[in-house]
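Reader: I am new to reading models like this one. Could you take me through the terms?

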Amino acid sequence: MIERILLTIAIALGLYGFFAPILTRLRIIQKTSKGFVIDQIPRRIGRFIWEVLLQGKVIAQRPFAGIMHALVFWGFLAFVPVTLDHFARGYGLSVLGHGAFRSVVTTVVAVFAVAVLIGIIALLVRRFAVRPPALGPVKFESGIVGLLIVILMVTYLWDLSQREHLRELANAWQSSAGTDQSEHAAFVMSVWAILYRINWWIHSLSILTFLWLIPRSKHLHLVLSPVTTFLKDFELARIRPLDFEKEEFGAAKLADFSAHTALGAFSCVECGRCYDHCPARNTGKLLDPKKLMLDLRDGFLKDPQQAIVGATIDEEILWQCTTCGACTFQCPVGIDQVVPILETRRGQVAEGNVPHTFNTFFGNLERLQNPWAYPTPQAHEFIRDNGYPEYNGQEWLYWMGCLARFDLTYRKVSLAFKKILDSAGVSYGVLKDEQCTGDAARRAGNEFLFQQLATANIEMLKAAGAKKIVATCPHCIRTISEYKDLGLDSGIEIIHHTQLISELVGVGKVKLNQETEAATVYHDPCYLSRYGKPEDISNPRALLGGPLEPERTREKSFCCGAGGAMIFAEETKGKRVNRERTEELLGTGAARIAVGCPFCQVMIRDATNDLGKGDEAPVLDVAQIVLGMIE
Ligand code: SF4
Ligand code: SF4
């Protein structure tokens with residue numbers, strides 16, 4: 001009886017220790033300004049099965065640690081029925097019964113227990129002996145949790161192995177009744193019974209201590225990350241339009257963040273995948289997306305009304321993010337680190353607090369609707385002189401983008417693409433009065449300016465009635481897609497020029513000679529490889545006939561440094577991102593660098609020139625290379 005009372009008190013304390021901090025965090029999440037978006041339920045369930053239940057993403061990003069983590073995770077799931085049964089046994093009850101079903105379940109779970117032991121020991125060795133920098137300083141609680149998991153598995157296996165042994169001892173004692181061995185058999189049995197009970201209690205208290213530790217450590221991800229993953233937006237770094245009539249101006253205090261950001265801050269498992277892949281962190285900037293999320297978490301726990309900039313995070317990190325999305329793409333628990341950065345930038349812009357170089361391009365956009373202050377007639381002249389057809393209901397609307405309209409070098413890309421379209425007899429036209437999509441304005445936090453440009457462009461697109469848009473700029477593609485949140489017809493198709501060219505090759509309208517003249521390395525633009533579709537990774541490669549691959553490639557591509565309006569920022573801290581990337585590209589021994597984005601072309605070309613390799617390794621768009629391959 002006393003044992004049951006003690007067990008009840010221990011369970012009550014364990015459950016209180018588990019639920020009280022979780023409720024505190026849920027109340028904090030509830031206080032944030034915007035709730036969750038729950039749409040596309042079947043798709044969300046599919047992602048949940050792949051990323052959470054099958055641990056697909058965790059394994060894909062870091063295969064060894066991922067498999068070890070998956071063993072522990074699957075083992076935990078398998079332990080649910082035997083753990084309920086374990087506590088039921090404390091009250092003389094049984095969840096699994098006493099027959100064959102119990103034997104099957106407990107034996108299967110024993111296999112999982114061995115798998116968990118292998119997984120947790122490997123993870124402990126990694127964390128405490130190998131110690132990759134991304135994991136950060138060693139934490140006492142991680143060691144305790146690891147030890148508890150080892151104890152849980154060992155005590156479970158011992159319990160299982162001794163149950164039969166105890167029965168044998170009891171039989172031996174009964175059959176020895178009345179003989180000289182009876183007393184000894186009774187003694188042996190009672191000692192084993194006590195040891196068995198002690199083992200049962202060690203297992204019980206380990207579970208309850210573990211339960212108490214979960215919400216007080218990074219292990220809270222066990223509870224929250226399935227929810228964070230389920231609720232994550234399908235679009236990377238998606239920010240909702242601000243409603244100025246409702247006096248929405250961006251995030252100034254923590255409670256202004258969206259609910260998913262707060263949930264994410266509490267879900268971080270501190271794995272450091274974002275730390276490993278962030279171009280800012282990799283080039284010596286202050287920004288570290290892992291630290292950002294942990295700082296937000298600590299801030300939320302301290303006071304959700306606390307100011308973000310200054311009190312919670314350093315202002316400097318805000319203007320070092322290229323919005324490349326590497327952090328979000330890598331994160332195994334569904335956190336989107338770019339969203340709080342962009343929401344805070346909006347708050348800073350509302351307070352007039354932006355890097356001075358941003359004010360210049362904001363002014364240019366306001367006056368001349370392009371960030372470089374080119375006069376619009378220059379674009380009209382270029383379009384007219386080169387015979388671009390004006391859009392008039394043709395099949396494709398070719399969205400040129402500012403650099404194609406104005407920049408002397410990038411115009412060559414546009415002309416190459418035009419020649420390919422003309423040679424294939426594609427029906428297309430351009431809008432001579434298109435304005436900047438507002439990509440950089442939006443990423444810089446100037447939502448008001450973005451919406452001004454977006455409204456003008458949406459009107460133009462609606463009036464044109466285009467249903468299919470093609471663009472050479474992945475930033476334009478992303479931003480025009482965002483117009484759908486502002487009233488653009490959601491049925492409009494917007495694709496990258498490498499997709500259209502690939503389709504033309506596929507139907508034989510463009511015939512390519514695959515004998516390329518020079519070894520080419522392909523640089524995946526972030527806004528194509530991570531923000532885009534899987535074909536946006538395969539199409540350029542197919543067109544280039546299998547280019548050289550740098551170490552960081554495809555979805556793991558390393559940013560050129562331009563996105564998130566950083567092309568307009570002064571990069572004074574650490575190594576320049578474009579230089580880091582260009583050195584990697586040149587390190588493949590390629591004689592030319594292929595790109596699929598105007599920003600990438602500018603940044604990588606600048607870096608090749610800085611490195612004195614401008615003539616040796618030209619930077620060309622895929623369209624320019626394809627034009628040279630047309631038979
Ligand atoms: S979006 Fe890119 S630059 Fe920004 S924090 Fe994430 S990884 Fe770093
Ligand atoms: S934010 Fe995501 S990727 Fe970064 S440390 Fe936390 S869990 Fe890992």
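Author: Start with helices. Helices (H or I, at least four residues) and strands (E, at least two) are DSSP runs, numbered from the N terminus. Gln369, for one, is found in the loop between α16 (356-368) and α17 (376-385). This is a predicted model: local features need pLDDT of at least 70, side-chain atom pairs count only at pLDDT 80 or more, and totals for chains, interfaces and linings use all residues. Residues are numbered from 1 along each chain as its sequence is written, while chains are lettered from A and ligands numbered from 1 in the order in which they are written.

Reader: What makes Gln369 partly exposed?

Author: Count C-beta atoms, placed from the backbone. A residue is buried if 20 or more others lie within 10 Å of its own, exposed if 12 or fewer, and partly exposed in between. Gln369 has 19 C-beta neighbours inside 10 Å, so it counts as partly exposed. Gln369 also has a positive phi of about 60°, although it is not a glycine.

Reader: Why is Ala237 called buried?

Author: Ala237 has 24 other C-beta atoms within 10 Å, so it is buried. Its place is in the loop between α8 (221-231) and α9. Ala237 has a positive phi of about 55° and is not a glycine.

Reader: What angle do helices α9 and α12 make?

Author: Helix α9 (residues 259-267) and helix α12 (residues 289-302) pack at about 105°, with axes 8 Å apart. Axes are lines fitted to C-alpha atoms, for helices over the stretch in contact, and angles run from 0 to 180 degrees between N-to-C directions.

Reader: Why is α9 called roughly perpendicular to α12?

Author: Angles under 35 degrees count as roughly parallel, over 145 as roughly antiparallel, 65 to 115 as roughly perpendicular and the rest as oblique. The angle is about 105°. That makes α9 roughly perpendicular to α12.

Reader: Which residues of α9 and α12 meet?

Author: Ala262, Gly264, Ala265 and Phe266 in α9 meet Met293, Leu296, Arg297 and Phe300 in α12. Contact requires C-beta atoms, placed from the backbone, within 7 Å. The residues divide into 6 nonpolar, 1 polar and 1 charged. Ala, Val, Leu, Ile, Met, Phe, Trp, Tyr, Cys and Pro count as nonpolar, Asp, Glu, Lys and Arg as charged, and the others, Gly among them, as polar.

Reader: Which residues are closest to ligand 1?

Author: The closest are Cys278, Cys321, Cys324, Ala326 and Cys327, among 15 that surround ligand 1. A residue is near if its C-beta atom, placed from the backbone, lies within 6 Å. The shell has 10 nonpolar, 5 polar and no charged residues.

Methods:
Two residues are in contact if their C-beta atoms, placed from the backbone, lie within 7 Å.
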